[in-house]
Amino acid sequence: MSGEHLHAALGLAKLGIPCFPVWPPVPGGACSCVRGAQCDRPAKHPAGFMVRRGAQDASLDPETLRRWWSRPERMTGRPWNVAAALPASWCVVDLDTPTAAEAVHAQGWTLPATATVRTGRGRHYWYTTAERVPCAVGVLPGVDVRGPGGYVLCPPSLHASGARYEWEVPLSEAAEAPSWLYELARPVPAAEGPREPNEWGKVLGEPVPEGQRNGTAAKVAGLLFRRLPAEAAWPMLDAWNVARCRPPLDGDELAHVAASIAARELARRGGQ
């Protein structure tokens, strides 16, 4: 089965869609990561010890992909799930509930026939784009849009429910995105944070207890990604996390925060 997962990653890479490994579920539906049954995103987040920056470390390189999928996850013996980091020319409409399509149609929007993946609870509709369509969470109940800076799981990944992701319509039949998706591509402001220098000094300089880590990390990421190139912002965010968070956020969780804020900042800049 690991050969099938590698074949899927290599196939996506040939189309210019970089991939990276994601923790598979254990039998019963918990995540195979160290958080196990306490993980709030079972079988949906990056295998951080291989891709420390999550989707930002996704690769098109065949040898890198072969190395990642050369051995199964050691606790379950299962192959790593396959995630695709969406490039600028793609977006995915993620319908995560049985009624999500009805919510789309109720707005007068259409979902043109396109490449389609059956997921654990719904469908992924893959569309090509003439311009960048950024991520948008909660567009409607059960409806998210995944674009550059975001990622989706791909067949033959295994959902925590035990269902396997499957192509219902192949990627070769992807259609152009409908106009309403472009209307959603409005610039999104970066995460709000303190406005006065002394306030930032307090945020950056004081220890952050467990219940405040994610929110504070988003504020710090907003400051760093707003003012610095991503390659400089990430190591500074990582260093702040180690120095100030009690305990530090693990690599997967910090990468998830960073990817979300970086995508918002990219959208604010108009994709530049």
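**View 1. Aromatic pair W90 and W126 in the predicted model.** Both W90 and W126 are buried in this predicted model. The model holds 8 aromatic pairs. In the pair of W90 and W126, the ring centres lie 5.7 Å apart and the planes meet at 75°, so the arrangement is edge-to-face, for which the planes must be over 60 degrees apart. W90 belongs to strand β3 (residues 90-95) and W126 to strand β5 (residues 123-128), so the contact ties together parts of the chain that are 36 residues apart in sequence.

**View 2. Aromatic pair W109 and W180.** The rings of W109 and W180 are stacked, with a centre-to-centre distance of 4.4 Å and an angle of 5° between the planes. W109 sits in the loop between α3 (100-106) and β4 (115-118), while W180 is part of helix α4 (residues 179-183), so this pair links parts that are 71 residues apart in sequence. W109 and W180 are both buried.

**View 3. Aromatic cluster of W23, F49 and W80.** One aromatic cluster is made up of W23, F49 and W80.

**View 4. Open sheet of β1, β2 and β8.** The 3 strands of this open sheet follow the order β1-β2-β8, with antiparallel pairing. β1 and β8 are the edge strands, each pairing on one side only. On average, neighbouring strands of the sheet are turned by 35° against each other, direction ignored. Between β1 and β2 (residues 81-85), which run antiparallel, there are 4 bridges.

**View 5. Cis peptide bond from P155 to P156.** The peptide bond between P155 and P156 is cis, and its omega is near 5°. P156 lies in the loop that connects β8 (151-154) with β9 (166-169). Most peptide bonds are trans.

**View 6. Cis peptide bond from R246 to P247.** R246 and P247 are joined by a cis peptide bond with omega of about -5°. P247 is located in the loop between β12 (245-246) and α8 (251-268).

**View 7. Backbone at A43.** A43 has a phi near 60°, a positive value in a residue other than glycine. Most residues other than glycine have a negative phi. The loop between β1 (19-22) and α2 (62-68) contains A43. The relative accessibility of A43 is 1%, so A43 counts as buried, the cut-off being under 20%.

Methods. Residues are numbered from 1 along each chain as its sequence is written. This is a predicted model: local features need pLDDT of at least 70, side-chain atom pairs count only at pLDDT 80 or more; totals for chains, interfaces and linings use all residues. Side-chain values use heavy atoms; hydrogens and water are left out. Helices (H or I, at least four residues) and strands (E, at least two) are DSSP runs, numbered from the N terminus. Buried means under 20% relative accessible area, exposed over 50%, partly exposed in between (1.4 Å probe, protein chains only). Two strands pair if DSSP finds at least two bridges between them. Axes are lines fitted to C-alpha atoms, for helices over the stretch in contact, and angles run from 0 to 180 degrees between N-to-C directions. Rings of Phe, Tyr and Trp (its six-membered ring) pair if their centres lie within 6.5 Å; planes under 30 degrees apart count as stacked, over 60 as edge-to-face and the rest as tilted.
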